[in-house]
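Hi,

Here is the structure I promised to pass on. Have a look at it first, then read my notes below.

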Amino acid sequence: MCMFKKLIYFVITAVLILSSLQISAFAKDTTITIKAGQVFNLFDYLKDVGDKLTVIYSEDNSKIVFQVVSKSTDEKGDYILCNITNKDGTSQQKFYLPYI
């Protein structure tokens, strides 16, 4: 019984430690193809550090890649900071998370 109790404590501790870390192994890597005028919500795909969304525009086969590099809060609210890569290079932009 004592060994089982120690095992349970170890599992609970490991789960708590892993859930507090921002580990990119749990990140989503999604690719979507959209048509001209089609609307999509970035926040359906980008929520946590490491999440990656590749958007391919069907008309010209161009693509933009969004990857979350950090998540934070400032005076305006909660936001994610994304690296945005397209044919012109890479830039960073804040996207403020909507309140539900």
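What follows is a short tour of what turned up.

First, the ground rules. This is a predicted model, where local features need pLDDT of at least 70 and side-chain atom pairs count only at pLDDT 80 or more, while totals for chains, interfaces and linings use all residues. Residues are numbered from 1 along each chain as its sequence is written, and side-chain values use heavy atoms, with hydrogens and water left out.

Let's start with the strands (DSSP E runs of at least two residues; helices are H or I runs of at least four, and both are numbered from the N terminus). β3 and β4 are antiparallel partners with 9 bridges (strands pair if DSSP finds at least two bridges between them). A hairpin of 2 residues links β3 to β4, and V68 sits opposite C82 in β4. On to β5 (residues 89–96): β4 runs antiparallel to β5, with 8 bridges. Here too a hairpin makes the link from β4, through 2 residues, and Y79 has Y96 in β5 as its bridge partner.

Now the inside. The largest nonpolar core has 15 residues, and L46, L53, F66, I80, C82 and F95 touch the most other members. β1 (29–34), β2 (52–57), β3 (63–74) and β4 (77–86) each supply at least two residues of this core. By core I mean buried Ala, Val, Leu, Ile, Met, Phe, Trp, Tyr and Cys residues joined through side-chain atoms within 4.5 Å. Leaving out residues up to four places away in sequence, F95 has contacts (heavy atoms within 4.5 Å) that include L42, F43, F66 and I80.

Among the residues T54 touches, beyond four places in sequence, are T30, I32 and I64.

And the outside? N61 lies in the loop between β2 and β3 and counts as exposed because its relative accessibility is 62%. N61 also has a positive phi of about 60 degrees, although it is not a glycine.

Finally, look at helix α1 (residues 2–20), where V11 is placed. V11 is partly exposed, at 41% relative accessibility. Together with F4, L7, I8, F10 and I12, V11 forms a nonpolar surface patch with about 590 Å² of accessible area.

Cheers

Note on methods
Buried < 20%, exposed > 50% of the residue type's maximum accessible area, 1.4 Å probe, protein only. Patch = residues over 30% accessible without salt bridge, like charges linked within 9 Å, V, L, I, M, F, W, Y side chains within 5 Å. Areas by Shrake-Rupley, 256 points an atom, 1.4 Å probe, with all protein chains shown as cover. Salt bridge = Lys/Arg side-chain N within 4 Å of Asp/Glu carboxyl O.
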